[in-house]
Amino acid sequence: MNAENVKSQMRKGALEYCILLLLKKEAAYTSDIIQKLQEAKLIVVEGTLYPLLTRLKNSELLSYQWIESTQGPPRKYYKLTEKGEIFLNELEISWQELNDTINHIRNN
Amino acid sequence: MKKTLTVNLGGTVFHIDEDAYQLLDKYLSNLRIHFGKEEGTDEIMSDFELRISEILNERVRLGNEVITIEHVESVIKRMGKVEELFDEEPVSSAGYKQTHHTADEAGKERVSRRLFRNPDDRILGGVCGGLAAYLGWDPTPARLLIFLLMFFFGIIIPIYFILWLIIPMAHTATEKLQMRGESITVENIGKTVTDGFERVSSNVNDYISSGKPRTALQRIADGLVDILGAILKVVAVLIGIILFPPLLFVLFIMFIVIIALVAGGVGGGFGLLYHLMPSADWNMLNQYPEWTLLIAGICTVLLIGIPVISILYAVCSRIFKFKPLPDGVKWALLAFWFIALILNIFFVVRYGIPFWGDLNHWHWTPSCWRNIVQMLQV
(Lines give C-alpha, C1' and ligand atoms only; values in the text may rest on other atoms or scores of the structure.)
Protein backbone atom coordinates (compact mmCIF):
# COMPACT_ATOMS: atom_id res chain seq x y z
CA MET A 1 0.00 0.00 0.00
CA ASN A 2 1.60 3.26 -1.05
CA ALA A 3 0.27 6.76 -1.57
CA GLU A 4 0.92 6.83 -5.33
CA ASN A 5 -1.09 3.70 -5.81
CA VAL A 6 -4.09 5.00 -3.86
CA LYS A 7 -3.91 8.35 -5.62
CA SER A 8 -3.92 6.74 -9.06
CA GLN A 9 -6.82 4.50 -8.01
CA MET A 10 -8.79 7.60 -6.93
CA ARG A 11 -8.01 9.30 -10.23
CA LYS A 12 -9.11 6.23 -12.14
CA GLY A 13 -12.39 6.16 -10.28
CA ALA A 14 -13.09 9.74 -11.24
CA LEU A 15 -11.99 9.43 -14.87
CA GLU A 16 -15.20 8.11 -16.38
CA TYR A 17 -17.26 10.65 -14.46
CA CYS A 18 -15.04 13.45 -15.75
CA ILE A 19 -15.27 12.32 -19.36
CA LEU A 20 -19.05 12.29 -19.16
CA LEU A 21 -19.00 15.72 -17.49
CA LEU A 22 -16.82 17.17 -20.24
CA LEU A 23 -19.06 15.81 -22.96
CA LYS A 24 -22.21 17.04 -21.24
CA LYS A 25 -21.13 20.62 -21.84
CA GLU A 26 -20.29 20.08 -25.49
CA ALA A 27 -19.50 17.36 -27.98
CA ALA A 28 -15.80 17.01 -28.66
CA TYR A 29 -13.08 15.36 -30.70
CA THR A 30 -10.98 12.73 -28.99
CA SER A 31 -7.99 15.04 -29.09
CA ASP A 32 -9.97 17.79 -27.32
CA ILE A 33 -11.00 15.39 -24.56
CA ILE A 34 -7.41 14.31 -24.14
CA GLN A 35 -6.20 17.88 -24.01
CA LYS A 36 -8.70 18.90 -21.38
CA LEU A 37 -8.02 15.87 -19.22
CA GLN A 38 -4.30 16.49 -19.47
CA GLU A 39 -4.79 20.12 -18.50
CA ALA A 40 -6.75 18.92 -15.48
CA LYS A 41 -3.84 16.53 -14.74
CA LEU A 42 -6.22 13.60 -14.72
CA ILE A 43 -4.32 11.60 -17.29
CA VAL A 44 -0.68 11.63 -18.31
CA VAL A 45 -0.58 9.56 -21.49
CA GLU A 46 -3.14 9.53 -24.28
CA GLY A 47 -3.34 5.76 -24.59
CA THR A 48 -5.31 5.52 -21.36
CA LEU A 49 -8.31 7.14 -22.94
CA TYR A 50 -9.00 5.06 -26.06
CA PRO A 51 -10.04 1.83 -24.34
CA LEU A 52 -12.15 3.85 -21.94
CA LEU A 53 -14.00 5.72 -24.69
CA THR A 54 -14.63 2.48 -26.55
CA ARG A 55 -15.96 0.90 -23.39
CA LEU A 56 -18.30 3.85 -22.74
CA LYS A 57 -19.43 3.74 -26.35
CA ASN A 58 -20.09 0.00 -26.12
CA SER A 59 -22.21 0.60 -23.00
CA GLU A 60 -24.15 3.12 -25.13
CA LEU A 61 -23.32 6.02 -22.82
CA LEU A 62 -21.49 7.80 -25.65
CA SER A 63 -21.90 7.90 -29.38
CA TYR A 64 -19.71 9.34 -32.05
CA GLN A 65 -19.76 10.34 -35.67
CA TRP A 66 -16.94 10.71 -38.13
CA ILE A 67 -16.20 14.31 -39.05
CA GLU A 68 -14.13 15.13 -42.09
CA SER A 69 -11.03 17.11 -41.42
CA THR A 70 -9.23 19.51 -43.70
CA GLN A 71 -5.89 18.26 -42.49
CA GLY A 72 -5.65 14.49 -42.46
CA PRO A 73 -8.09 11.64 -41.94
CA PRO A 74 -11.64 12.02 -40.53
CA ARG A 75 -11.90 12.11 -36.76
CA LYS A 76 -14.32 10.80 -34.17
CA TYR A 77 -16.62 13.40 -32.69
CA TYR A 78 -18.04 12.15 -29.39
CA LYS A 79 -21.26 13.20 -27.69
CA LEU A 80 -23.33 12.07 -24.74
CA THR A 81 -26.36 9.86 -25.40
CA GLU A 82 -29.63 10.01 -23.47
CA LYS A 83 -28.63 6.92 -21.60
CA GLY A 84 -25.34 8.63 -20.86
CA GLU A 85 -27.11 11.65 -19.40
CA ILE A 86 -29.16 9.48 -17.05
CA PHE A 87 -26.00 7.64 -16.08
CA LEU A 88 -24.20 10.93 -15.48
CA ASN A 89 -27.00 12.14 -13.20
CA GLU A 90 -26.64 9.00 -11.12
CA LEU A 91 -22.92 9.52 -10.92
CA GLU A 92 -23.36 13.15 -9.87
CA ILE A 93 -25.63 12.09 -7.02
CA SER A 94 -23.23 9.45 -5.80
CA TRP A 95 -20.28 11.82 -6.19
CA GLN A 96 -22.14 14.33 -4.06
CA GLU A 97 -22.86 11.64 -1.49
CA LEU A 98 -19.25 10.61 -1.42
CA ASN A 99 -18.22 14.21 -1.02
CA ASP A 100 -20.62 14.66 1.88
CA THR A 101 -19.41 11.48 3.53
CA ILE A 102 -15.80 12.57 3.33
CA ASN A 103 -16.57 16.06 4.58
CA HIS A 104 -18.60 14.59 7.39
CA ILE A 105 -15.77 12.34 8.51
CA ARG A 106 -13.22 15.09 8.07
CA ASN A 107 -15.11 17.62 10.18
CA ASN A 108 -15.96 15.34 13.05
CA MET B 1 21.81 5.38 -45.22
CA LYS B 2 18.73 3.51 -44.10
CA LYS B 3 16.14 1.40 -45.81
CA THR B 4 12.63 2.82 -45.64
CA LEU B 5 9.28 1.13 -45.86
CA THR B 6 5.94 2.44 -46.98
CA VAL B 7 3.13 1.83 -44.53
CA ASN B 8 -0.56 2.58 -44.42
CA LEU B 9 -1.33 3.80 -40.92
CA GLY B 10 -4.91 4.82 -40.27
CA GLY B 11 -5.48 5.52 -43.95
CA THR B 12 -2.44 7.71 -44.48
CA VAL B 13 0.70 6.60 -46.28
CA PHE B 14 4.00 7.13 -44.53
CA HIS B 15 7.60 6.52 -45.44
CA ILE B 16 9.16 5.04 -42.37
CA ASP B 17 12.68 3.89 -41.49
CA GLU B 18 13.04 0.17 -41.04
CA ASP B 19 14.02 0.34 -37.35
CA ALA B 20 11.23 2.84 -36.67
CA TYR B 21 8.80 0.47 -38.36
CA GLN B 22 9.91 -2.45 -36.22
CA LEU B 23 9.54 -0.44 -33.04
CA LEU B 24 6.08 0.77 -33.99
CA ASP B 25 5.04 -2.71 -35.09
CA LYS B 26 6.17 -4.22 -31.78
CA TYR B 27 4.44 -1.48 -29.83
CA LEU B 28 1.16 -2.03 -31.64
CA SER B 29 1.31 -5.81 -31.36
CA ASN B 30 2.07 -5.56 -27.64
CA LEU B 31 -0.95 -3.33 -27.22
CA ARG B 32 -3.04 -5.81 -29.16
CA ILE B 33 -1.92 -8.68 -26.94
CA HIS B 34 -2.87 -6.67 -23.88
CA PHE B 35 -6.23 -5.60 -25.20
CA GLY B 36 -6.84 -9.06 -26.62
CA LYS B 37 -9.08 -10.06 -23.74
CA GLU B 38 -11.43 -7.12 -24.17
CA GLU B 39 -14.28 -6.65 -26.56
CA GLY B 40 -13.80 -3.89 -29.09
CA THR B 41 -10.08 -4.56 -29.41
CA ASP B 42 -10.15 -3.76 -33.11
CA GLU B 43 -11.79 -0.44 -32.50
CA ILE B 44 -9.35 0.49 -29.74
CA MET B 45 -6.45 -0.47 -31.98
CA SER B 46 -7.77 1.57 -34.88
CA ASP B 47 -8.17 4.54 -32.49
CA PHE B 48 -4.53 4.13 -31.54
CA GLU B 49 -3.46 3.88 -35.16
CA LEU B 50 -5.51 6.89 -36.18
CA ARG B 51 -4.08 9.00 -33.40
CA ILE B 52 -0.52 7.91 -34.15
CA SER B 53 -1.16 8.66 -37.79
CA GLU B 54 -2.37 12.16 -36.81
CA ILE B 55 0.71 12.85 -34.74
CA LEU B 56 3.04 11.57 -37.44
CA ASN B 57 1.16 13.60 -40.01
CA GLU B 58 2.03 16.76 -38.10
CA ARG B 59 5.68 15.77 -38.37
CA VAL B 60 5.36 15.28 -42.08
CA ARG B 61 3.76 18.67 -42.46
CA LEU B 62 6.69 20.20 -40.57
CA GLY B 63 8.90 18.96 -43.36
CA ASN B 64 10.01 15.49 -42.23
CA GLU B 65 9.65 13.30 -45.28
CA VAL B 66 10.60 10.14 -43.47
CA ILE B 67 9.44 8.93 -40.07
CA THR B 68 12.47 8.11 -37.96
CA ILE B 69 12.84 6.08 -34.78
CA GLU B 70 12.97 9.31 -32.75
CA HIS B 71 9.53 10.24 -34.04
CA VAL B 72 8.17 6.85 -33.09
CA GLU B 73 9.78 7.08 -29.66
CA SER B 74 8.16 10.44 -29.00
CA VAL B 75 4.83 9.04 -30.21
CA ILE B 76 5.08 6.10 -27.82
CA LYS B 77 6.02 8.46 -25.03
CA ARG B 78 2.95 10.49 -25.78
CA MET B 79 0.58 7.55 -26.15
CA GLY B 80 2.08 5.78 -23.14
CA LYS B 81 4.38 2.80 -22.82
CA VAL B 82 2.63 -0.51 -22.57
CA GLU B 83 3.50 -0.94 -18.91
CA GLU B 84 2.26 2.54 -18.06
CA LEU B 85 -1.03 1.97 -19.83
CA PHE B 86 -1.74 -1.25 -18.06
CA ASP B 87 -0.91 0.01 -14.62
CA GLU B 88 -3.21 2.94 -15.17
CA GLU B 89 -5.98 1.09 -16.86
CA PRO B 90 -9.20 1.93 -15.05
CA VAL B 91 -11.60 -0.96 -15.01
CA SER B 92 -9.52 -4.01 -15.43
CA SER B 93 -6.56 -2.93 -13.33
CA ALA B 94 -8.07 -3.89 -9.99
CA GLY B 95 -9.32 -7.18 -11.37
CA TYR B 96 -6.10 -7.68 -13.25
CA LYS B 97 -4.03 -7.33 -10.15
CA GLN B 98 -6.25 -9.62 -8.15
CA THR B 99 -6.29 -12.38 -10.72
CA HIS B 100 -2.60 -11.84 -11.06
CA HIS B 101 -1.99 -12.42 -7.38
CA THR B 102 -4.22 -15.44 -7.11
CA ALA B 103 -2.70 -16.80 -10.27
CA ASP B 104 0.72 -16.29 -8.76
CA GLU B 105 -0.14 -17.96 -5.50
CA ALA B 106 -2.09 -20.79 -7.04
CA GLY B 107 0.49 -21.03 -9.78
CA LYS B 108 3.25 -21.77 -7.34
CA GLU B 109 1.40 -24.75 -5.99
CA ARG B 110 -0.25 -26.11 -9.08
CA VAL B 111 1.79 -25.36 -12.15
CA SER B 112 4.69 -27.73 -12.33
CA ARG B 113 7.87 -26.28 -13.70
CA ARG B 114 9.52 -27.71 -16.75
CA LEU B 115 13.21 -27.74 -17.40
CA PHE B 116 14.22 -25.61 -20.37
CA ARG B 117 17.33 -23.76 -21.36
CA ASN B 118 16.77 -20.07 -20.80
CA PRO B 119 17.37 -18.05 -23.99
CA ASP B 120 16.97 -14.71 -22.19
CA ASP B 121 19.54 -15.41 -19.53
CA ARG B 122 22.41 -17.26 -21.03
CA ILE B 123 26.17 -17.15 -21.14
CA LEU B 124 26.87 -20.36 -22.99
CA GLY B 125 23.86 -22.54 -23.65
CA GLY B 126 21.46 -21.15 -21.07
CA VAL B 127 21.68 -24.37 -19.05
CA CYS B 128 22.46 -22.62 -15.77
CA GLY B 129 19.83 -19.97 -16.43
CA GLY B 130 17.27 -22.70 -17.10
CA LEU B 131 18.27 -24.75 -14.08
CA ALA B 132 18.10 -21.65 -11.89
CA ALA B 133 14.63 -20.84 -13.22
CA TYR B 134 13.61 -24.45 -12.64
CA LEU B 135 14.86 -24.43 -9.05
CA GLY B 136 13.66 -20.88 -8.45
CA TRP B 137 17.17 -19.63 -7.80
CA ASP B 138 18.94 -16.54 -8.98
CA PRO B 139 21.06 -17.59 -11.97
CA THR B 140 24.28 -15.98 -10.72
CA PRO B 141 24.80 -18.24 -7.65
CA ALA B 142 23.85 -21.25 -9.78
CA ARG B 143 26.55 -20.29 -12.28
CA LEU B 144 29.11 -19.65 -9.56
CA LEU B 145 28.35 -23.01 -7.99
CA ILE B 146 28.72 -24.85 -11.28
CA PHE B 147 31.89 -22.92 -12.04
CA LEU B 148 33.43 -23.78 -8.67
CA LEU B 149 32.33 -27.41 -8.85
CA MET B 150 34.01 -27.59 -12.23
CA PHE B 151 37.42 -27.31 -10.56
CA PHE B 152 36.76 -30.18 -8.16
CA PHE B 153 34.71 -32.44 -10.39
CA GLY B 154 35.88 -32.36 -13.96
CA ILE B 155 32.90 -34.46 -14.95
CA ILE B 156 30.73 -31.33 -14.64
CA ILE B 157 32.07 -30.11 -17.99
CA PRO B 158 30.90 -33.02 -20.13
CA ILE B 159 27.68 -33.14 -18.12
CA TYR B 160 27.11 -29.49 -18.97
CA PHE B 161 27.53 -30.19 -22.66
CA ILE B 162 25.27 -33.21 -22.50
CA LEU B 163 22.61 -31.12 -20.75
CA TRP B 164 23.09 -28.47 -23.40
CA LEU B 165 22.35 -31.09 -26.03
CA ILE B 166 19.44 -32.73 -24.26
CA ILE B 167 17.49 -29.88 -22.64
CA PRO B 168 15.38 -27.98 -25.17
CA MET B 169 15.49 -24.21 -25.41
CA ALA B 170 12.40 -22.32 -24.24
CA HIS B 171 11.35 -20.64 -27.46
CA THR B 172 7.73 -19.61 -27.00
CA ALA B 173 6.19 -17.45 -24.33
CA THR B 174 4.33 -20.52 -23.04
CA GLU B 175 7.54 -22.46 -22.62
CA LYS B 176 9.18 -19.55 -20.84
CA LEU B 177 6.28 -19.42 -18.41
CA GLN B 178 6.50 -23.17 -17.84
CA MET B 179 10.22 -22.76 -17.24
CA ARG B 180 9.55 -20.27 -14.44
CA GLY B 181 6.57 -22.24 -13.19
CA GLU B 182 4.12 -19.41 -13.81
CA SER B 183 0.62 -20.21 -14.87
CA ILE B 184 -0.15 -19.80 -18.54
CA THR B 185 -2.61 -16.92 -18.77
CA VAL B 186 -3.11 -14.23 -21.35
CA GLU B 187 -1.78 -11.64 -18.89
CA ASN B 188 1.37 -13.61 -18.21
CA ILE B 189 2.00 -14.29 -21.87
CA GLY B 190 1.52 -10.60 -22.62
CA LYS B 191 3.93 -9.75 -19.82
CA THR B 192 6.52 -12.18 -21.13
CA VAL B 193 6.28 -10.78 -24.61
CA THR B 194 6.55 -7.24 -23.28
CA ASP B 195 9.52 -8.19 -21.12
CA GLY B 196 11.26 -9.66 -24.11
CA PHE B 197 10.50 -6.54 -26.08
CA GLU B 198 11.99 -4.35 -23.41
CA ARG B 199 15.08 -6.46 -23.18
CA VAL B 200 15.60 -6.30 -26.91
CA SER B 201 15.05 -2.60 -27.16
CA SER B 202 17.01 -1.67 -24.05
CA ASN B 203 20.19 -2.19 -26.01
CA VAL B 204 19.25 0.56 -28.42
CA ASN B 205 16.83 2.78 -26.57
CA ASP B 206 16.49 2.80 -22.83
CA TYR B 207 13.38 4.93 -22.89
CA ILE B 208 11.04 1.97 -22.81
CA SER B 209 12.60 0.03 -19.98
CA SER B 210 11.18 0.73 -16.55
CA GLY B 211 13.79 3.23 -15.42
CA LYS B 212 14.85 1.37 -12.32
CA PRO B 213 18.41 2.34 -11.53
CA ARG B 214 20.75 -0.58 -11.14
CA THR B 215 22.41 -0.74 -7.77
CA ALA B 216 26.18 -0.85 -7.40
CA LEU B 217 25.90 -4.45 -6.19
CA GLN B 218 23.96 -5.47 -9.28
CA ARG B 219 26.50 -3.79 -11.49
CA ILE B 220 29.36 -5.57 -9.72
CA ALA B 221 27.48 -8.85 -10.11
CA ASP B 222 26.91 -8.08 -13.78
CA GLY B 223 30.60 -7.36 -14.20
CA LEU B 224 31.50 -10.62 -12.46
CA VAL B 225 29.11 -12.51 -14.67
CA ASP B 226 30.58 -10.89 -17.75
CA ILE B 227 34.11 -11.89 -16.70
CA LEU B 228 32.87 -15.36 -15.78
CA GLY B 229 31.16 -15.61 -19.14
CA ALA B 230 34.34 -14.65 -20.96
CA ILE B 231 36.34 -17.26 -19.00
CA LEU B 232 33.70 -19.93 -19.60
CA LYS B 233 33.67 -19.16 -23.29
CA VAL B 234 37.46 -19.45 -23.47
CA VAL B 235 37.25 -22.77 -21.62
CA ALA B 236 34.53 -23.96 -23.97
CA VAL B 237 36.57 -23.01 -27.01
CA LEU B 238 39.62 -24.79 -25.59
CA ILE B 239 37.59 -27.91 -24.90
CA GLY B 240 36.16 -27.64 -28.37
CA ILE B 241 39.64 -27.41 -29.88
CA ILE B 242 40.80 -30.41 -27.86
CA LEU B 243 37.72 -32.49 -28.53
CA PHE B 244 37.12 -31.49 -32.12
CA PRO B 245 39.83 -33.49 -33.96
CA PRO B 246 39.12 -36.84 -32.24
CA LEU B 247 35.39 -36.26 -32.67
CA LEU B 248 35.85 -35.50 -36.33
CA PHE B 249 38.09 -38.56 -36.63
CA VAL B 250 35.46 -40.81 -35.04
CA LEU B 251 32.76 -39.43 -37.31
CA PHE B 252 35.02 -39.88 -40.30
CA ILE B 253 35.75 -43.51 -39.37
CA MET B 254 32.05 -44.24 -38.87
CA PHE B 255 31.31 -42.65 -42.22
CA ILE B 256 33.99 -44.75 -43.92
CA VAL B 257 32.67 -47.90 -42.29
CA ILE B 258 29.17 -47.23 -43.51
CA ILE B 259 30.35 -46.38 -47.00
CA ALA B 260 32.44 -49.55 -47.02
CA LEU B 261 29.46 -51.58 -45.89
CA VAL B 262 27.29 -50.21 -48.66
CA ALA B 263 30.02 -50.29 -51.31
CA GLY B 264 31.33 -53.69 -50.30
CA GLY B 265 27.73 -54.64 -50.48
CA VAL B 266 26.46 -58.05 -49.91
CA GLY B 267 29.66 -59.86 -50.84
CA GLY B 268 31.74 -57.87 -48.36
CA GLY B 269 29.15 -58.40 -45.66
CA PHE B 270 29.10 -62.12 -46.18
CA GLY B 271 32.88 -62.22 -46.41
CA LEU B 272 32.98 -60.54 -43.01
CA LEU B 273 30.47 -62.99 -41.62
CA TYR B 274 32.43 -65.85 -43.12
CA HIS B 275 35.57 -64.58 -41.52
CA LEU B 276 33.82 -64.27 -38.18
CA MET B 277 32.10 -67.61 -38.27
CA PRO B 278 34.09 -70.11 -40.28
CA SER B 279 32.36 -72.99 -38.63
CA ALA B 280 28.96 -72.02 -40.08
CA ASP B 281 27.66 -74.04 -42.96
CA TRP B 282 28.28 -71.55 -45.76
CA ASN B 283 27.56 -74.08 -48.47
CA MET B 284 23.94 -73.79 -47.54
CA LEU B 285 23.91 -70.38 -49.19
CA ASN B 286 24.31 -71.96 -52.57
CA GLN B 287 20.90 -73.50 -52.36
CA TYR B 288 19.21 -70.08 -52.41
CA PRO B 289 18.76 -68.01 -55.54
CA GLU B 290 21.21 -65.12 -55.84
CA TRP B 291 18.62 -62.36 -55.93
CA THR B 292 17.31 -63.47 -52.52
CA LEU B 293 20.76 -63.09 -51.04
CA LEU B 294 21.20 -59.69 -52.66
CA ILE B 295 17.91 -58.35 -51.35
CA ALA B 296 18.52 -59.87 -47.94
CA GLY B 297 21.93 -58.20 -47.82
CA ILE B 298 20.58 -54.78 -48.83
CA CYS B 299 17.80 -55.09 -46.29
CA THR B 300 20.27 -55.92 -43.53
CA VAL B 301 22.42 -52.92 -44.41
CA LEU B 302 19.36 -50.65 -44.39
CA LEU B 303 18.10 -52.14 -41.14
CA ILE B 304 21.33 -51.30 -39.36
CA GLY B 305 22.43 -48.31 -41.41
CA ILE B 306 19.35 -46.10 -41.20
CA PRO B 307 19.21 -45.84 -37.39
CA VAL B 308 22.98 -45.40 -37.15
CA ILE B 309 23.06 -42.63 -39.74
CA SER B 310 19.99 -40.96 -38.24
CA ILE B 311 21.51 -40.88 -34.79
CA LEU B 312 24.80 -39.58 -36.18
CA TYR B 313 22.98 -36.90 -38.12
CA ALA B 314 20.93 -35.89 -35.10
CA VAL B 315 24.06 -35.51 -32.98
CA CYS B 316 25.87 -33.59 -35.73
CA SER B 317 22.92 -31.27 -36.30
CA ARG B 318 22.93 -30.36 -32.61
CA ILE B 319 26.68 -29.75 -32.52
CA PHE B 320 27.29 -28.12 -35.88
CA LYS B 321 23.85 -26.52 -36.30
CA PHE B 322 23.01 -28.47 -39.44
CA LYS B 323 19.55 -27.99 -40.74
CA PRO B 324 17.33 -30.79 -39.46
CA LEU B 325 16.30 -33.28 -42.13
CA PRO B 326 13.13 -32.36 -44.01
CA ASP B 327 10.08 -34.26 -42.82
CA GLY B 328 9.71 -35.99 -46.18
CA VAL B 329 13.17 -37.50 -45.92
CA LYS B 330 12.49 -38.60 -42.34
CA TRP B 331 9.30 -40.38 -43.35
CA ALA B 332 10.99 -41.94 -46.36
CA LEU B 333 13.82 -43.25 -44.18
CA LEU B 334 11.33 -44.60 -41.69
CA ALA B 335 9.38 -46.27 -44.49
CA PHE B 336 12.55 -47.84 -45.93
CA TRP B 337 13.50 -49.06 -42.49
CA PHE B 338 10.13 -50.71 -41.99
CA ILE B 339 10.26 -52.31 -45.45
CA ALA B 340 13.73 -53.63 -44.65
CA LEU B 341 12.51 -54.92 -41.29
CA ILE B 342 9.51 -56.69 -42.82
CA LEU B 343 11.57 -58.19 -45.64
CA ASN B 344 14.20 -59.39 -43.18
CA ILE B 345 11.59 -61.03 -41.02
CA PHE B 346 10.14 -62.59 -44.15
CA PHE B 347 13.52 -64.01 -45.20
CA VAL B 348 14.25 -65.36 -41.75
CA VAL B 349 10.87 -67.06 -41.59
CA ARG B 350 10.97 -68.28 -45.19
CA TYR B 351 14.55 -69.52 -45.43
CA GLY B 352 15.87 -69.46 -41.91
CA ILE B 353 19.09 -67.64 -41.17
CA PRO B 354 21.34 -69.06 -43.88
CA PHE B 355 24.68 -69.00 -42.13
CA TRP B 356 23.19 -70.51 -39.01
CA GLY B 357 23.37 -73.71 -40.93
CA ASP B 358 22.54 -76.87 -39.18
CA LEU B 359 22.37 -75.94 -35.54
CA ASN B 360 24.13 -79.16 -34.64
CA HIS B 361 27.18 -78.06 -36.58
CA TRP B 362 27.28 -74.67 -34.96
CA HIS B 363 29.52 -74.29 -31.95
CA TRP B 364 30.64 -71.15 -30.19
CA THR B 365 34.18 -72.44 -30.10
CA PRO B 366 37.09 -70.48 -28.65
CA SER B 367 38.48 -70.09 -32.15
CA CYS B 368 35.36 -68.21 -33.11
CA TRP B 369 35.88 -65.71 -30.28
CA ARG B 370 39.53 -65.40 -31.22
CA ASN B 371 38.49 -64.46 -34.73
CA ILE B 372 36.16 -61.75 -33.42
CA VAL B 373 38.86 -60.31 -31.17
CA GLN B 374 41.31 -60.29 -34.06
CA MET B 375 38.78 -58.54 -36.25
CA LEU B 376 38.24 -55.83 -33.63
CA GLN B 377 41.99 -55.33 -33.21
CA VAL B 378 42.40 -54.81 -36.92
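Which residues have the most contacts inside the largest nonpolar core? The views below take this up in a predicted model, where local features need pLDDT of at least 70, side-chain atom pairs count only at pLDDT 80 or more, and totals for chains, interfaces and linings use all residues. Residues are numbered from 1 along each chain as its sequence is written, with chains lettered from A and ligands numbered from 1 in the order in which they are written.

**View 1. The largest nonpolar core.** It has 39 residues. A:Leu20, A:Leu49, A:Leu53, A:Leu62, B:Ala20 and B:Val72 have the most contacts inside it. A core joins buried Ala, Val, Leu, Ile, Met, Phe, Trp, Tyr and Cys residues through C-beta atoms within 7 Å; buried means 20 or more other C-beta atoms within 10 Å of a residue's own, with C-beta atoms placed from the backbone. Helix 1 (residues 18-35) of chain B gives the largest share, seven residues.

**View 2. The sheet of chain B.** Three strands form an open sheet in the order 1-2-3, with mixed pairing (at least two DSSP bridges per pair). Strands are DSSP E runs of at least two residues, helices H or I runs of at least four, both numbered from the N terminus. Strand 1 (4-9) and strand 3 (66-67) of chain B are at the edges with a single partner strand each, so one side of each lacks a neighbour in the sheet. Strand 2 (residues 12-17) and strand 3 of chain B run parallel, joined by two bridges. B:Ile16 has B:Ile67 as its bridge partner.

**View 3. Where chain A meets chain B.** 16 residues of chain A contact 26 of chain B (C-beta atoms within 7 Å). Helix 3 (49-58) of chain A gives the most to chain A's side, six residues.

Definitions and conventions
A residue is buried if 20 or more other C-beta atoms lie within 10 Å of its own, exposed if 12 or fewer, and partly exposed in between; C-beta atoms are placed from the backbone. Two residues are in contact if their C-beta atoms, placed from the backbone, lie within 7 Å.
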